[in-house]
Amino acid sequence: MTAEPAVAVRGLTKRFPVPFTRRLISAVEDVDLTVNRGEVYGLLGPNGSGKSTTLKIILGLVWPTSGSAKIFGRDSGEVHSRDSVGFLPENPYFYKFLTGTETLRFFGKLCGLHGEQLHQRIIDLLDLVGLTNAREQRLATYSKGMLQRIGLAQALINDPQLVVLDEPTAGVDPAGSRDIRDLIVDLRKRGVTVLLSSHLLGQVQEVCDRVGILANGKLVREGKLEELLAIENQTELVLENASEDLVKRVQELARDANARLVAQRRSTTTLERFFLDATDE
Amino acid sequence: MIRVLVVIAAILCFGAVRLPLEQKIPAQDRQLTLGLREQIGQLGFAAALSGFRSIVADIVFIQAHVAWERTEWARVLLLLREATTLQPQSIMFWDMAAWHMAWNASAAVMNDESQSLTVRVRKQHQYFDLGKDFLERGIQYNPDNPRLYEAMARLYQQKYEDHLHASEYFAKAAALPGAMSYDRRFSAYELSYCDGREREAYEKLRALYDEGEKERLPTLIKRLKFLEQKIDIPQDRRIPDSA
Amino acid sequence: MRRTLAIASNTLTDLTRQRVFYFILIFALILIGSSVFMSRFSFQQELQILKDISLGTMSILTSLLAILATARLIPQDIEDRTAYTILAKPVPRYQYVLGKLLGVLGLLVISLFIMSALFFAMLYTREQTLLSEAMRQYATAPREQLEDALRTVRAAGLKIDIAQAIGLLFMKASVLAATTLLVTTFATTNIFTVITMVFVYFIGHLQEIAREYWLQQTGNGWFTHLFLALVALIFPDLQAFNRVDQVVAGHALSLGIFTQTTLLGCFYIAVYTTLAVVMFYGKEL
Ligand SMILES: Nc1ncnc2c1ncn2[C@@H]1O[C@H](COP(=O)(O)OP(=O)(O)O)[C@@H](O)[C@H]1O
Ligand SMILES: [Mg+2]
C-alpha cells in the first residue's frame, strides 16, 4: 500500500462525441502521469488542453475511453478510491440556500462524519480559510473569493490524504491567491499530497514540486520545476550593495574565463509582490 | 446507448410482470369507464379520468342546480345526465336527478296552464318515468346502497301510487346494511294497502309490534288495527286498544 | 444510509426554499378553503362536494408538485456543478439518486399533510355544524329519526377511508416522482421532462382501458393491438391509485385493495428508481 503513488495515470485517453456528428474530439491523449505521496504536483496548460478532463477522470466523474487512473492504488471507478480525497472543482458552485456552516456540515456528512467530531472540524476549517465571521451567511451573499475558500474548506473536511484543486487561483484577487498558495504549502508540510491545475503558470510556480505540461491533451513535459526551467549553460548572480567597481571586475573576470555576460540589469520586484506590499500597509 | 436499450427492455419486462398484479386489483368502475367514452367524447373523457372527474362532475351538478332555479327543465335533465355519467358512484347525484324530474319538473308541467289537461298529465308521467329511469340506473351502479331503493320506494309510493312496488323497494332497502330504521316499517305499511296481500302485511306489522315499544308507533297501530278488522283476526289475538 | 439522508434533507431544504412550492401549496389551500363556499351552492349534500373539490385539488396539485419538483433536481445539480463536488466525495451514485427521491417524497408528505390538515379541519367543522343543525331540526321528532339523520351526516363526514384515499394519492404522486426521475436521466432539457411527464400523467390514467382492450383481443388491426400493448406495458396504471372518487361517493375502500394498491405503488417506485440509478451510473458529468 505504501508503495503505491498517490495518483497513477496510465495511457489515459478521453474522446468526447461531437453532438449531431459522428466525430469525436480528443480531450486527453495517451497521458502517463504519476503524483508521488507528499508532493505538490501542478498540471499546467492553456485553456482547453485537457486539465479538467484529466482531473475528472481521476475522480471518477468521467470515464476514460482507454487507459486507467488510480488513487492510492485503487481504480477511480471505485467509490472507495475517494475515501481520502478532497476536490475543489473549477469555479465551484454550492447550494446558495445554505450557510457556510451548513455547507460544511452537508459535505462532512457525505464523507461519513458526524457529531462532535464534525462540529469541531467545521469550526477549525472555517477558521483556517478565514470565514468564521461569514459562517452564518447564506452562500448566495458570498463573493467569488469566499466561494473559493468555502470550496477549499469542503475539500479538506475529511482530512484527506490527497487534495485535488482545479484552477484554485483563477478569478481570485492576488491576496486571496497568496492565501491559497500559503495553504497549499501548509498542506505539503503536513504530508498531504496536492494535485492542482492552472493555466496561470506564474501563480503556481512557487508552490509546485513537480509540474506536467499539457497541450492539446498530450503531456508534453514533466519534471521538477527548477530542472525544467534551468538553462544548462547559464548561471545567475544577484548582488546587493555592489559598487560600480565590483561590477566592472566581475565582467573582466568573466571575459578572462571565456564566459559571456548575457545580461546585466537592476533587479525589479514583480507587480504582484508590489501590489501585495502596497495593500499590506 | 446499450444502457438505454437495456432500460427500455427492462421497462417492457416490468410491464409484463406487473400486468397480472394490475389485473388482480379490482378496478372501481371498469364497465363505467367504457360507457363513459361513448357519452362525453375523447377530450372530456381524458380530462374526466385524470383526477378531474369529480370536480367536473360537481361543476356540472352545480350548473344543473342553477338551471333548476331558472326552471329550464330540458337543461336540468341534460346536465344531470352528464353529472351522473361522470360520477355514477355518487348516490346523491342519482337521488337529486330523480327528485328534480319526478317531483319538481313534473309539478311544473302540471301547473302550466297553457296546455290541455290530458297533455299535462301525459307530460307529468313522462317526468315520473325519467325519475324512475335515473334511479334504476343508479341502482345498477350502486346495488348495495339503500338510499336509492328508498328513493325509488318513495317515487312509487307518492307519484305512481303503486303500493306494491313501493313496499318491494322499502323491503329491498331494509335488507341492506345502513338502511334507515323506518324502511322495514314502511315496507309493511305499503303492503297493507295492497288488495290480496293483507295477511302478509298483517304478519309483518305484527312481528314489528312484537319487537317492543320502539316499533309501536301510532301509524303502525292504526294500520294493524285496520288489518285486524279487514281479515278478521280473532279478538283474543288482537292487540290491546290502549296502546 | 446517513449519506442518503443527508442528501435527502438537503434536497428537501432546497425544494422548500423554492417559490413554486409555495405557489402550488397556497393555490391548493385556497381551492380547498373555497370548497366550503362552492359546496354551499348545493343544498343538502354539501359535505360530498366539499370532499370532491378538496381531494380533487390535492390529487392534481400533488401530482403536479411531484413532477415539477423532481424534473429539475438532477439536471440542475449537474448544470451548477454541485453534483461534481458531491460525487467526488465517497458517495455511491445510487445513494445520490435515492437521496434526491427521498427529498421529493418528504416534500410530498409535508404538502399533503398541510392540505389534509386544512381539509380535515373544514370537514370536521362543517360536519359538526350539520350535526347540530340536524339535532335542532329533529329535536321534537322521534329519537330514531334523529339518529337516522345524524347517521346520514356522519356517513358523509370524516372517515378513515379518506385517510386511506389520501395515502393512495401520496403513492400516485410518488410513482410520478420516480418516473420523472427516470425521465430526467434521459432528457436533455427540463421542458422535455415536463412535457413527457404530462403525457405520462394523462396516458397513465387511461392505461387501464388500453390494457383492457388489449387483453380482450377485440379483433382490431395488428397496429392498434401493438399500440395498446405498448401503452399497457410502458405506462404506469395511475387510475389504480384514484380511489378518491370512490371514497367520496361513499363506497368503502377495503383494506385488501388498499394494501394491494400500496404494494403495487412501491413496486413501481422501486423499479423506476432502480432504472434511474442504472441510467445515472452511465452518466458522465
Ligand atoms: N463534456 C464534454 N463534452 C464534450 N467536449 C468536452 C467535454 N468536456 C471537455 N470537453 C472538451 O475537451 C477539451 C478539454 O477540456 P478541459 O479538460 O475542460 O480543458 P482545460 O480544463 O484544460 O481548460 C476541450 O476542447 C473541451 O471542449
Ligand atoms: Mg479547466
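Is A:Glu90 buried, partly exposed or exposed, and what is its relative accessible area? A:Glu90 is partly exposed, at 30% relative accessible area (buried means under 20%, exposed over 50%, partly exposed in between, with a 1.4 Å probe and protein chains only). This is a predicted model: local features need pLDDT of at least 70, side-chain atom pairs count only at pLDDT 80 or more, and totals for chains, interfaces and linings use all residues. Residues are numbered from 1 along each chain as its sequence is written, chains are lettered from A and ligands numbered from 1 in written order, and side-chain values use heavy atoms, without hydrogens and water.

- A:Ser52 lies in helix 1 (residues 51-58) of chain A, and A:Glu90 in the loop between strand 6 (85-88) and helix 2 (100-110), 38 residues apart (helices are DSSP runs of H or I, at least four residues; strands are E, at least two).
- A:Ser52 counts as buried, at 17% relative accessibility.

**Chains**
- Chains B and C share the most contacts of the 2 pairs of chains in contact (heavy atoms within 4.5 Å).
- Chains A and B do not touch; their nearest C-alpha atoms are 13 Å apart.

**Helix packing**
- The axes of helix 1 (residues 2-24) of chain B and helix 12 (residues 255-281) of chain C come within 10 Å and cross at roughly 175 degrees (axes are lines fitted to C-alpha atoms over the stretch in contact; angles run from 0 to 180 degrees between N-to-C directions).
- That makes the two helices roughly antiparallel (over 145 degrees; under 35 is roughly parallel, 65 to 115 roughly perpendicular, the rest oblique).
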